[in-house]
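Biologist: Before we start, could you put the sequence and the predicted model up, so that we can go through the model one feature at a time?

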Amino acid sequence: MIQFRHAFLINLVLLILTACSKQDIDPEQQGLVYKSAISVPFKGMIEVSVFQVIHQPPPPPLEQLVHGEGKVSHLGKTRVTLNQFWWPPEFPGDPGTGEGRVFFSAANGDILLAEYEDGVAYQLSPASMEITFTGYFKDGGSGRFQYASGWFTWKETYNPITNEGTSIVNGVISYGREPF
């Protein structure tokens, strides 16, 4: 009788373990708590070589597509596209302002998305401008950047005569979430 009871309990435990295998448990349905992934530095240099005007004023804003290539930490060789809007300065000596979206394409094809609203452009000389903004990563990228968060600063020295420039990016990126 005791052996039958032990055999019954062992079979019951095995049945329960089989029914609750790890692959059948959906973390979202189970209400698991998520922790943020570790934040790491995000930095690099991008050579901007192609500017394409989509919409020329009047009226403002100026809509542009900006393309560039460079190396960025955690992305490797990177292609960058900015879809941006710029408003010219209201008075001589004032900066122009801008906003837009930034698409970082990593070496393996994963896409990292960012937006910015606080862009500022100063005309330093006829052949030199300085453009700065702070961008924020947003959900909706692909691959390892699907749930990315964080921020970066973009500082660009740009020549409006040759349409070429160099951008330095520095910030922090978190790759998303992991279940506890």
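Biologist: In which strand is the place of Tyr-122?

Modeller: This is a predicted model, in which local features need pLDDT of at least 70 and side-chain atom pairs count only at pLDDT 80 or more, while totals for chains, interfaces and linings use all residues. Residues are numbered from 1 along each chain as its sequence is written, and side-chain values use heavy atoms, with hydrogens and water left out. Helices (H or I, at least four residues) and strands (E, at least two) are DSSP runs numbered from the N terminus, and on that numbering Tyr-122 belongs to strand S6.

Biologist: Which residues does Tyr-122 touch, not counting those up to four places away in sequence?

Modeller: Tyr-122 has a relative accessible area of 40% and is therefore partly exposed, since buried means under 20%, exposed over 50% and partly exposed in between, with a 1.4 Å probe and protein chains only. Tyr-122 is 26 residues from Gly-96 in sequence, yet their C-alpha atoms are 6.7 Å apart in space. Taking contact as heavy atoms within 4.5 Å, and setting aside residues up to four places away, the residues that Tyr-122 touches are Pro-95, Ser-128, Met-129 and Glu-130.

Biologist: What pattern does the protein chain follow along the sequence?

Modeller: The chain has 180 residues, of which buried residues make up 30%. Among contacts with a separation of 6 or more, 50% join residues 24 or more positions apart. The secondary structure comes to two helices and ten strands, and read along the sequence the pattern is α-α-β-β-β-β-β-β-β-β-β-β.

Biologist: Which residues have the most contacts inside the largest nonpolar core?

Modeller: A nonpolar core is a set of buried Ala, Val, Leu, Ile, Met, Phe, Trp, Tyr and Cys residues joined through side-chain atoms within 4.5 Å. The largest one here has 28 residues, and those with the most contacts inside it are Phe-42, Val-102, Phe-104, Leu-112, Phe-152 and Trp-154.

Biologist: Which strands each supply at least two residues of this core?

Modeller: The core is the largest nonpolar one, with 28 residues. The strands that each give at least two of its residues are S2 (39–55), S3 (62–72), S4 (76–87), S5 (96–105), S6 (111–125), S7 (128–137), S8 (149–159) and S9 (164–174).

Biologist: Trp-154 is in contact with which residues, leaving aside neighbours within four places in sequence?

Modeller: Trp-154 is among the residues with the most contacts inside the largest nonpolar core. Beyond its sequence neighbours within four places, the contacts of Trp-154 are Ile-46, Val-48, Val-80, Leu-82, Ile-131, Thr-132, Phe-133, Ser-167, Ile-168 and Val-169.

Biologist: Which strand gives the most to the lining of the largest cavity?

Modeller: On a 1 Å grid over the protein atoms alone, a cavity is a set of points where a 1.4 Å probe fits but cannot get out, and its lining residues have an atom within 4 Å of a point. The lining of the largest cavity consists of Phe-51, Val-66, Leu-82, Gln-84, Trp-86, Ile-131, Trp-154 and Glu-156. S4 and S8 are the elements that give two or more of these residues, and the one that gives the most, with three residues, is S4.

Biologist: What volume does the largest cavity have?

Modeller: The structure holds one cavity of 30 Å³ or more. A volume is the space filled by probe spheres set on the points, which are joined across faces, edges and corners, and for the largest cavity it is about 40 Å³.

Biologist: What phi does His-74 take?

Modeller: His-74 is found in the loop between S3 and S4, in a hairpin with three residues between the strands. His-74 counts as partly exposed because its relative accessibility is 35%. Although His-74 is not a glycine, its phi is positive, at about 70°.

Biologist: Where is Asn-163 found?

Modeller: Asn-163 has a positive phi near 60° and is a residue other than glycine. Its relative accessibility is 30%, so Asn-163 counts as partly exposed. Its place is the loop between S8 and S9.

Definitions and conventions: 1 Å grid on protein atoms, 1.4 Å probe; cavity = no way out; pocket = protein on both sides within 12 Å on 5 of 7 lines; lining within 4 Å. Pairing = 2+ DSSP bridges.
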